[in-house]
Amino acid sequence: MEVLNESVPFNFSLPPNFGKRPTDRALSVILVFMLLIIMLSLGCTMEFSKIKEHFWKPKGLAIALVAQYGIMPLTAFSLGKLFRLNNIEALAILICGCSPGGNLSNVFSLAMKGDMNLSIVMTTCSTFCGLGMMPLLLYIYSRGIYDGTLKDKVPYGGIMISLVLILIPCTIGIILNAKRPQYVHYVTRTGMILILLCSVAVAVLSGLNVGKSILFVMEPHLLATSALLPFIGFLLGYILSILSCLNGRKGKKIQDLGKAFTKQYVQMHQLNKELSTMRNIGEGRFQS
């Protein structure tokens, strides 16, 4: 298989002590707190009976998994070829495309009045399946891009933590909606205010943490790739929902599958991890 642009220089560096500074730790804490609030608020819109229905009739769930681990990795790989990305850039996009869906898609589904029960079920199952699918897909698509092994680089611990951060607050929200529905409005309203405040803090801390390194991903070919990846996911998700005759609310969640990947470029904390991975590969330290 053809090796992509090996001769392209890697002239990118991160700030000193990246990931160990007080601002890095503060950003991590705020992001975890923000995720908990989001999932608690989303859980308040869910019902156990509807969740059970999606498991008994898993058409939407099956479509989501096919799109997540079939269409998106192939799209990421194809974009790397189309834009002739160098090995490091192609691998970063590929990791993005092979990753489980994120919680940003749940927020989009809520904003578009989609089926939140299906949304959370999809995110949970996608994350769980990522434990096996992510290393498999990276093994398949990274051949010819990266000669080393990536099996020990899959963030199994991070995926498990994501599952916990999804399931626990969602369960609390579901129970609250079932037992104390009169408090749901106050919880969701307070949650939105806290999310807004945390978003401002995340933006400020991200700018301080990454600094000029963010300019590395502002190059035209990387911007085009990162924009096309979620757009193609959105478009193909929309087509899948139509072909599968899903109703409007369920279809909106399928359409939002592509948006899950925008978190890789919108949420700066996740971007920091990708940049750190890219630096390690460029310095030849990405080893088992």
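Colleague: What does relative accessibility say about E47?
Modeller: E47 counts as partly exposed, because its relative accessibility is 35%. The cut-offs are under 20% relative accessible area for buried and over 50% for exposed, with partly exposed in between (1.4 Å probe, protein chains only).

Colleague: What sort of model is this?
Modeller: This is a predicted model, in which local features need pLDDT of at least 70 and side-chain atom pairs count only at pLDDT 80 or more, while totals for chains, interfaces and linings use all residues. Residues are numbered from 1 along each chain as its sequence is written, and side-chain values use heavy atoms, with hydrogens and water left out.

Colleague: Back to E47. Which side chain does it meet in a salt bridge?
Modeller: That of K50, at 3.9 Å from N to O. A salt bridge here is a side-chain nitrogen of Lys or Arg within 4 Å of a carboxyl oxygen of Asp or Glu. Side chains of opposite charge can pair when their charged atoms come close.

Colleague: How many salt bridges does the structure hold?
Modeller: One. K50 is partly exposed, since its relative accessible area is 35%.

Colleague: Which residue has its C-alpha 6.0 Å from that of E47, 127 residues apart along the chain?
Modeller: I174. I174 sits in helix 7 and is buried, because its relative accessible area is 5%. Beyond its neighbours within four places in sequence, I174 is in contact (heavy atoms within 4.5 Å) with G43, C44, M46, F48 and I51.

Colleague: Let's step back. How many helices and strands does the chain have?
Modeller: The protein chain has 12 helices and zero strands. Both are DSSP runs numbered from the N terminus: helices are H or I with at least four residues, strands are E with at least two.

Colleague: How much of the chain is buried?
Modeller: Buried residues are 49% of the 288 residues. The chain exposes about 14400 Å², and carbon and sulfur atoms supply 68% of that. Those areas come from the Shrake-Rupley method with a 1.4 Å probe; for residues, only the protein chains shown count as cover.

Colleague: And the contacts, how many join residues at least 24 apart?
Modeller: 86%, among contacts between residues at least 6 apart in sequence.

Colleague: What is in the largest nonpolar core?
Modeller: That core has 27 residues, and M34, I38, M39, L42, M46, I120 and V202 have the most contacts inside it. Helix 1 (22–43), helix 3 (59–82), helix 6, helix 7 (156–179) and helix 8 (184–210) each give at least two residues to this core. Helix 1 provides the largest share, nine residues. A nonpolar core is a set of buried Ala, Val, Leu, Ile, Met, Phe, Trp, Tyr and Cys residues joined through side-chain atoms within 4.5 Å.

Colleague: Take M39. What does it touch?
Modeller: Not counting residues up to four places away in sequence, M39 touches N103, N106, I120, L165, I166, P169 and C170.

Colleague: S126 next. Buried or exposed?
Modeller: S126 counts as buried because its relative accessibility is 3%. S126 belongs to helix 6, residues 116–141. Leaving out neighbours within four places in sequence, its contacts are L65, Q68, Y69, P100 and G101.

Colleague: Which residues make the nonpolar surface patch?
Modeller: L228, F231, L235, Y238, I239, I242 and L243 make a patch of about 650 Å². Patches are made of residues with over 30% relative accessible area and no salt bridge: like charges are joined within 9 Å, nonpolar side chains (Val, Leu, Ile, Met, Phe, Trp, Tyr) within 5 Å. I239 is in helix 9, residues 220–243, and counts as partly exposed at 36% relative accessibility.

Colleague: Last one, L196. Buried or exposed?
Modeller: L196 is exposed, because its relative accessible area is 57%. L196 is in helix 8.
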